[in-house]
Every structure is written in structure tokens, then in C-alpha cells.
Amino acid sequence: MTRLPYADLDRLPEKTREALDAMPPLGIFRMLANAESAFRPWARWGGVLLSDLALDPLLRELTILRVSRLTPHAEYEWVQHAPIARAVGAGDDQVAALERDEIEADCFTEAQRTVLRFTTEFLQDARVSDATFDSAKALLSARELVELMMVIGQYAMLARVMATTELDLDEPMDAREFERGSAR
């Protein structure tokens, strides 16, 4: 049982309700719709992060799974994004390694390990070490690096909302729906 109620659809402004109706019926969306004035801009922002970045989708999804593992009580995020990660090319061995917190596993490329180290340091220390930053900068453009930090920040915020509200766990969204763009 959530610590806050989901948004009451009958009491939402029409535009907020329409935006919510256009999204998959996931608890996180119904919870965030409580923030009526912020919901629609946030939904657009989330759509951009999931579909319109220069950052490779596989790196994005590995990053989201790493954020989930580093955030206590963030099972919701893991359940939703493990299938999406697989849909964009993550192997079962990679998902399993992340679940075990083995970010240096051989199943990852050096670029993937660098992004996972970057994510870890960004979340744990707020400032990424010079060595990790330089490694990431050698692999990613300035645009991709900033996008990576935006993805980490977005999913860290979501994980904390999910944990704090004790969001009910939804079944994973069908990755095919995500691929068709209805995750926006």
C-alpha cells in the first residue's frame, strides 16, 4: 500500500488526465500526476530521455539499472527497466552481473564499465573522479556525457520517489510497448 494516494483521475485537470491516459498504466505515472502542474513537462522530459538522446540506448538502460541497484528500495525501477535493457541489447549475463553489483564483469565492454563506474561515482560521491571522468570523456561526446548525467539524475529522483512513497510494484511494462514509443 502506497504512503500517498495515486492521483484521483476525476479531480485532475483535463490536460493532466489526457497526458496520463496517453501513458502506460503504471503506478509511477499515477503517483507523479499528483504534481499536476509539473506532470506534463516531466512526462515530456522523460520521453526525451527515453527516445531522443545521442547517448546509446544500451548505455542508458545499463545506467538506469545501476541507479536502481545503488538506490535502496528501488525494485520498481529494476522490474520495469530490466526488460527494456534486454530489448535494447543487454544480455542476460549483463543484467545478472548488475544485479550482483559486478560492474567490472567481463560481459561488459570497456565503454560500458566506464559508464557504470561513472554512474556509481556520480551517485555515491556527487563528483566523479578525474580518472573516471577522463575515461568517459574519451569515449563520449560532451553531449552524451551531459545526457548521461541527466539520465542518472532523472532515475535517481524516480527511485527515491518510488522508495519514499512505497509505490506498489507493477508488472513490467511490455518492452514492445516501449519500443513503439508509448513509454512517453
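In which helix is Met150 found? Met150 is found in helix 9, where helices (H or I, at least four residues) are DSSP runs numbered from the N terminus.

The views below show a predicted model, in which local features need pLDDT of at least 70 and side-chain atom pairs count only at pLDDT 80 or more, while totals for chains, interfaces and linings use all residues. Residues are numbered from 1 along each chain as its sequence is written, and side-chain values use heavy atoms, with hydrogens and water left out.

**View A. A nonpolar surface patch that includes Met150 of helix 9.** Trp45, Val146 and Met150 make up this patch of about 240 Å², the accessible areas coming from the Shrake-Rupley method with a 1.4 Å probe and, for residues, only the protein chains shown counting as cover. Patches are made of residues with over 30% relative accessible area and no salt bridge, like charges being joined within 9 Å and nonpolar side chains (Val, Leu, Ile, Met, Phe, Trp, Tyr) within 5 Å. Met150 is partly exposed, at a relative accessible area of 35% (buried means under 20%, exposed over 50%, and partly exposed in between, with a 1.4 Å probe and protein chains only).

**View B. The salt bridge of Arg143 and Glu147 in helix 9.** The closest N and O atoms of Arg143 and Glu147 are 2.7 Å apart, and the two residues, four apart in helix 9 (residues 142-165), are separated by about one helical turn. Glu147 is buried, with a relative accessible area of 7%. A salt bridge is here a side-chain nitrogen of Lys or Arg within 4 Å of a carboxyl oxygen of Asp or Glu, and a search of the whole structure finds ten of them.

**View C. Arg113 and Glu110 within helix 7.** The side chains of Arg113 and Glu110 meet in a salt bridge, at 3.2 Å from N to O, and both residues lie in helix 7 (residues 110-125), three residues apart, about one turn of the helix. Arg113 counts as buried at 15% relative accessibility, whereas Glu110 counts as partly exposed at 43%.

**View D. The salt bridge of Arg86 and Asp92.** Here the side chains meet at 2.6 Å, N to O; Arg86 is partly exposed, with a relative accessible area of 37%, and Asp92 is exposed, at 54%.

**View E. The aromatic pair of Phe29 and Trp42.** The structure holds four aromatic pairs, for which rings of Phe, Tyr and Trp (its six-membered ring) must have centres within 6.5 Å, planes under 30 degrees apart counting as stacked, over 60 as edge-to-face and the rest as tilted. Phe29 and Trp42 form a tilted pair, 6.1 Å centre to centre with 55 degrees between the planes, and this pair links distant parts of the chain, with Phe29 in helix 2 (residues 27-32) and Trp42 in helix 3 (residues 36-51), 13 residues apart. Both partners count as buried, Phe29 at 9% relative accessibility and Trp42 at 15%.

**View F. The stacked rings of Phe118 and Phe122.** This aromatic pair is 6.2 Å centre to centre, with 15 degrees between the planes, and its residues, four apart in helix 7, are separated by about one helical turn. Phe118 is buried, with a relative accessible area of 0%, whereas Phe122 counts as partly exposed at 23%.
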